[in-house]
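Trainee: I have a protein model open and would like to learn how to read its features one by one. Could you take me through them, giving the general idea before each case?

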Amino acid sequence: MGFFAYILVLHALLLSLSLLVSARPATFQEDFKVTWAQDHLKLVEGGTAIQLTLDQSSGCGFASKYKYLFGRVSMKIKLVPGDSAGTVTAFYMNSDTDAIRDELDFEFLGNRSGQPYTVQTNIYANGKGDREQRVNLWFDPSLDYHTYTILWSHRHVMFAVDEVPIRVHKNNEARGIPYPKSQPMGVCSTLWDADNWATRGGLEKIDWSKAPFNAYYKDFDIEGCQVPGPASCTADPTKNWWEGAQYQELTPVQARLYRWVRINHLVYDYCTDKSRYPIPPPECTAGI
Ligand SMILES: *[C@@H]1O[C@H](CO)[C@@H](O)[C@H](O)[C@H]1NC(C)=O
């Protein structure tokens, strides 16, 4: 698909979404708490955004006050500009239960100036992760805020960038493949030094002469079954909109965008990494 067709499709999609979705914007103070290095986070832009800083003394992080079972989480993020090699900015949901951990990860891997940022996604179900996929972004994510979304329903997990699906992980429990569905997860974010692996496999180190490194977050939106809260989180779409028909599988427009990403921007998929998995993991061949 050409770039202009992509923009047209995106517009149509955004219009239809704005009719369907009523967002519940929240502020940082209402929904989140600092979990790592209070002095490296601060409110900016008149209190509407938060700045995370990484320097040689520390990275930092925050997490939601509550956990959630299913739902949709999105936020706008403006990533570390310029030479961000070796830094990782993460936005993820995590059950905080080590051995049987469920986790849904967005990790933004920095790069040398002018080299593309990579978004790595990963999914842990019942303690098992190692399901990395990577896409290169089709824009410079440090110039402006972009929206990053995790939609988690009984049917699938979808990661999206500006409403463009970049990953879909189906619930294939019927085929014996574990799916996150019984442990609530918190919403977390961190900015940290990962130069032992993040950029070109760890070859590119952080250039501390460029520190401090700053990332910015705003427009937090969490909609899900809050825990502690009502005992269950039903798949009934009249109760929980994210279980609705339009979220059960990709719409034709989303499917086109997803194909466009897979063809033009996918740079790594554990499913096709023969050196790691001579036999692809079962979810890779279970069909979508
Ligand atoms: C950084 O840029 C290099 C060179 O273009 C590219 O091979 C790599 O995938 C980029 N991203 C990371 C995270 O290394």
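Mentor: Let us begin with Glu103, which is found in strand E7, spanning residues 103–109; helices (H or I, at least four residues) and strands (E, at least two) are DSSP runs, numbered from the N terminus. Please keep in mind that this is a predicted model, in which local features need pLDDT of at least 70 and side-chain atom pairs count only at pLDDT 80 or more, while totals for chains, interfaces and linings use all residues. Residues are numbered from 1 along each chain as its sequence is written.

Trainee: Does Glu103 count as buried or exposed, and why?

Mentor: A residue is buried if 20 or more other C-beta atoms lie within 10 Å of its own, exposed if 12 or fewer, and partly exposed in between, with C-beta atoms placed from the backbone. Glu103 counts as buried because it has 20 C-beta neighbours inside 10 Å. Glu107 is also placed in strand E7, but Glu107 counts as partly exposed because it has 19 such neighbours inside 10 Å.

Trainee: What does UniProt list for Glu103 and Glu107?

Mentor: An unreviewed UniProt entry lists both under "active site"; such positions are given in the numbering used here, feature names are shortened, and annotations may be inferred rather than shown by experiment.

Trainee: Which residues are in contact with Glu103, leaving aside its neighbours within four places in sequence?

Mentor: Two residues are in contact if their C-beta atoms, placed from the backbone, lie within 7 Å. On that basis, and with those neighbours left aside, Glu103 is in contact with Tyr92, Met93, Asn94, Ser95, Tyr124 and Gly129, while Glu107, treated likewise, is in contact with Val88, Ala90 and Gln120.

Trainee: How many residues does the largest nonpolar core have?

Mentor: A nonpolar core is a set of buried Ala, Val, Leu, Ile, Met, Phe, Trp, Tyr and Cys residues joined through C-beta atoms within 7 Å. The largest one here has 62 residues, and those with the most contacts inside it are Phe106, Ile150 and Ile166. The largest share of this core, 9 residues, comes from strand E5, residues 60–78. Ile150 touches Val73, Met93, Leu104, Val157 and Phe159, not counting residues up to four places away in sequence.

Trainee: Which residues are around the ligand?

Mentor: A residue is near a molecule or strand if its C-beta atom, placed from the backbone, lies within 6 Å of it. Around the ligand are Leu109, Asn111, Gln115, Pro116, Thr118, Ala198, Thr199, Arg200 and Val267.

Trainee: Where are the cis peptide bonds that join Ala211 to Pro212 and Val227 to Pro228?

Mentor: In both, omega is about 0°. Pro212 is in the loop between strand E13 (185–193) and strand E14 (213–227), whereas Pro228 lies in the loop between E14 and helix H3 (245–248).

Trainee: To finish, how many helices and strands does the protein have?

Mentor: The secondary structure comes to 5 helices and 15 strands, and buried residues make up 35% of the 288 residues.
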